[in-house]
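Dear colleague,

Please find the structure below. My notes on it follow, grouped by topic.

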Amino acid sequence: MTMRDRTAIVGIGATPYYKRGESLPHTQLSMACDAIVGALEDAGLTVQDLDGFAIYSNSVDPAEVASVLGVPEVRFAASLTSGGGGSAGALGLAAAAIHSGMAEVVVSVMTLQQAGRRLGGTQVSAGGGGSTSANPYSAGGVPPSLAFTVGSGLLSPGSSFALLTQRHMHLYGTTREHLAEVAITQRSHAITRPTSLQTGPLTTKDYFASRMISDPLCLFDYTMENDGAVAAVMTSADRAKDLRHPPVYILGSAHGGAGRWGPAIGKYFQAPDEYFASSGHRPVAKRLYEMAGVTPDDVDVALLYDHFTPMVLMQLEDYGFCGVGESGPFVADGNIRLGGKIPVNTHGGHLSEAYIIGFTHVREAVEQLRGDAINQVAGAEIALVTGGPAGLPVSGTLLRR
Amino acid sequence: MSEIKPGVYPVPMTDPHADATTQPFWDAALEGRLVGPRCTNCTTVILPPQPRCFVCQNTVFEYVDLPGVGTVYSFTVVRHPLAPHLREAVPYVSAIIELDGTQGAGARMLANLIDVDPETVFIGDRVRVLFDKVSDTFAVPRFTKN
Ligand SMILES: [Zn+2]
């Protein structure tokens with residue numbers, strides 16, 4: 001017995017989205033609390049009802065948030081491992097908690113403030129002039145494996161995903177024009193929304209005039225970096241029926257990935273040939289569709305985790321919207337635009353609206369299925385939300401109205 | 001640290017921080033030899049060295065000499081300096097190398113590809129290892145076109 005249709009998202013809350021550092025004097029904690037309270041109010045619930053936290057990427061410490069909010073009793077507090085790859089999977093974790101009876105009203109939340117740190121910066125200290133004192137590993141001892149990667153000059157997530165992209169181009173003939181189509185399409189979606197941090201259109205000329213960061217990725221292939229928080233409140237399908245909005249049901253949720261995928265990304269790059277140039281989502285997608293009992297043709301709108309444009313392409317392949325290696329021509333034909341075969345990131349995504357590590361995608365999926373999205377896909381009944389590509393787990397969740 | 005020049009990524013460590021499993025690799029590197037730990041049961045070569053063979057679960061490895069040549073599996077040209085001292089180093093090429101004498105995936109190396117025109121690097125290029133001795137204990141493998 002799966003948890004299909006047994007739980008639902010009943011409330012969404014969010015702070016405004018801020019350019020990097022401009023959320024001060026708010027803090028990550030205060031923004032998380034604002035988003036959670038907002039989501040509870042949206043549902044017609046209160047802090048008195050909240051009893052669970054299902055998070056990812058260490059977004060908050062549930063102990064601290066529960067204490068600040070005055071939650072009467074916490075009955076579930078768990079996180080998916082690793083980073084942003086768990087965003088969609090956190091909804092599945094919440095659903096599992098509710099379906100199993102461990103908790104009744106569970107929140108998933110992401111809060112981000114990049115005033116003092118940058119996720120897109122160096123993964124390994126690049127400075128130090130030969131000293132290891134500035135190395136982030138030195139406090140706990142430098143892991144012996146680091147010496148095998150430290151000379152490569154691969155310092156950022158962008159360079160890591162550039163390696164997958166270059167291979168995809170080599171194998172399948174994917175081009176920078178295909179990447180540009182993703183960036184330009186998403187920008188066109190973002191600029192109709194008052195929440196968007198990007199407000200002007202992006203042209204092909206703008207795209208090709210921008211600076212290359214790490215070949216083949218240029219500035220507009222990268223996510224933005226910014227501040228803000230988004231939360232989603234979930235409960236059982238039974239209880240959801242009596243709340244403020246029509247429930248958005250969890251059709252299915254899956255997380256994980258192939259066993260050799262995890263450290264392949266951003267660290268050792270040892271993934272087997274058959275899925276090196278992929279988003280790592282293929283096995284997750286298969287399980288997700290099986291649990292939900294639907295096929296890619298049934299999905300009306302796809303909110304795909306988009307830290308880099310090529311990873312949208314590879315997810316289109318891994319979630320079966322086109323064949324493996326065919327995503328470039330697929331997007332060139334306009335298939336991911338509004339009115340296309342599968343509209344993608346109708347909110348503008350990380351690339352153009354705001355980067356809250358996957359949770360703006362959850363918010364947009366709910367708005368689409370409630371029928372009140374700004375870039376509404378007419379009659380949308382089923383939405384796909386994904387988390388990652390990143391280190392294992394990556395995740396996907398299917399929602400229906 | 002030696003002077004920074006275009007195309008050569010300045011390595012920010014002077015010690016390999018080796019343990020018993022990885023020390024033979026760095027000992028050989030100081031002698032200019034590329035070696036890899038090979039599973040004594042199924043011959044899978046694993047880099048970076050790991051405590052167990054992911055194919056057959058064996059925990060015993062022997063270091064074997066590798067030819068020191070390989071093929072560019074993928075690469076990126078890093079053009080944007082992520083730290084101030086890298087301004088003089090960019091553009092540089094970071095590559096994944098599949099090594100001759102190994103099964104490929106599981107033994108790929110990540111390395112700076114030097115003495116090349118970044119505009120003429122392609123997947124499939126044949127490359128060979130060079131060891132850049134950054135200290136008395138640490139010789140960093142880089143690759144160049146063969
Ligand atoms: Zn073995």
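**Aromatic residues and what surrounds them**

Phe25(B) is buried, and Trp26(B) is buried too (buried means under 20% relative accessible area, exposed over 50%, partly exposed in between, with a 1.4 Å probe and protein chains only). Phe25(B) and Trp26(B) belong to one aromatic cluster together with Phe148(A) and Phe138(B).

This is a predicted model, in which local features need pLDDT of at least 70 and side-chain atom pairs count only at pLDDT 80 or more, while totals for chains, interfaces and linings use all residues. Residues are numbered from 1 along each chain as its sequence is written, chains are lettered from A and ligands numbered from 1 in the order in which they are written, and side-chain values use heavy atoms, with hydrogens and water left out.

Over all chains the structure holds 12 aromatic pairs. Rings of Phe, Tyr and Trp (its six-membered ring) pair if their centres lie within 6.5 Å; planes under 30 degrees apart count as stacked, over 60 as edge-to-face and the rest as tilted. One of the pairs is Tyr9(B) with Tyr92(B), which is tilted, at 5.3 Å centre to centre and 45° between the planes. This pair links distant parts of the chain, 83 residues apart: Tyr9(B) is in the segment before α1 (23–30) of chain B, and Tyr92(B) is in strand β4 (residues 92–99) of chain B. Helices (H or I, at least four residues) and strands (E, at least two) are DSSP runs, numbered from the N terminus. Both Tyr9(B) and Tyr92(B) are buried. The ring centres of Phe25(B) and Trp26(B) are 4.8 Å apart with the planes at 75°, so that pair is edge-to-face.

Two arginines of chain A have their charged ends over rings of chain B. Arg167(A) sits over the ring of Tyr73(B), 3.8 Å from its centre, and Arg260(A) over the ring of Phe54(B), 3.4 Å from its centre. The criterion is NZ of Lys or CZ of Arg within 6 Å of the ring centre and within 35 degrees of the ring normal.

**Confidence**

The model scores ipTM 0.97 and pTM 0.95. Chain B has a mean pLDDT of 96, with 99% of its residues at 70 or more; pLDDT is the predictor's confidence in each residue, from 0 to 100. Chain A averages 94, and 94% of its residues score at least 70. Over residues 123–139 of chain A the pLDDT is below 50, and this stretch has 37 contacts in the model beyond near neighbours in sequence (contact means heavy atoms within 4.5 Å).

**Annotated domains**

UniProt, in an unreviewed entry, places "domain: Thiolase C-terminal" at residues 278–387 of chain A. That span is 39% helix and 8% strand, with its end C-alpha atoms 14 Å apart. For chain B, an unreviewed UniProt entry gives "domain: ChsH2 C-terminal OB-fold" at residues 63–131. This span is 0% helix and 46% strand, and its end C-alpha atoms lie 18 Å apart. UniProt positions are in the numbering used here, feature names are shortened, and annotations may be inferred rather than shown by experiment.

**Cores and buried positions**

The largest nonpolar core has 58 residues, of which Leu164(A), Leu316(A), Phe321(A), Leu384(A) and Leu398(A) touch the most other members. Such a core is a set of buried Ala, Val, Leu, Ile, Met, Phe, Trp, Tyr and Cys residues joined through side-chain atoms within 4.5 Å. Another core, of 44 residues, lies apart from it and includes Leu93(A), Ala232(A), Tyr355(A) and Val385(A).

Gln315(A) is in helix α10 (residues 309–318) of chain A and counts as buried at 0% relative accessibility. Beyond four places in sequence, its contacts include His281(A), Tyr305(A) and Pro389(A).

In chain B, Pro37(B) is in strand β1 (residues 35–39) and counts as buried at 4% relative accessibility. Its contacts beyond four places in sequence include Ile46(B), Phe61(B) and Tyr63(B).

**Backbone details**

Cis peptide bonds join Leu392(A) to Pro393(A), with omega about 5°, and Val90(B) to Pro91(B), with omega about -5°. Pro393(A) lies in the loop between β11 (382–387) and β12 (394–400) of chain A, and Pro91(B) in the loop between β3 (69–78) and β4 of chain B.

Asn58(A), a residue other than glycine, has a positive phi, near 50°, and is exposed at 66% relative accessibility.

Regards
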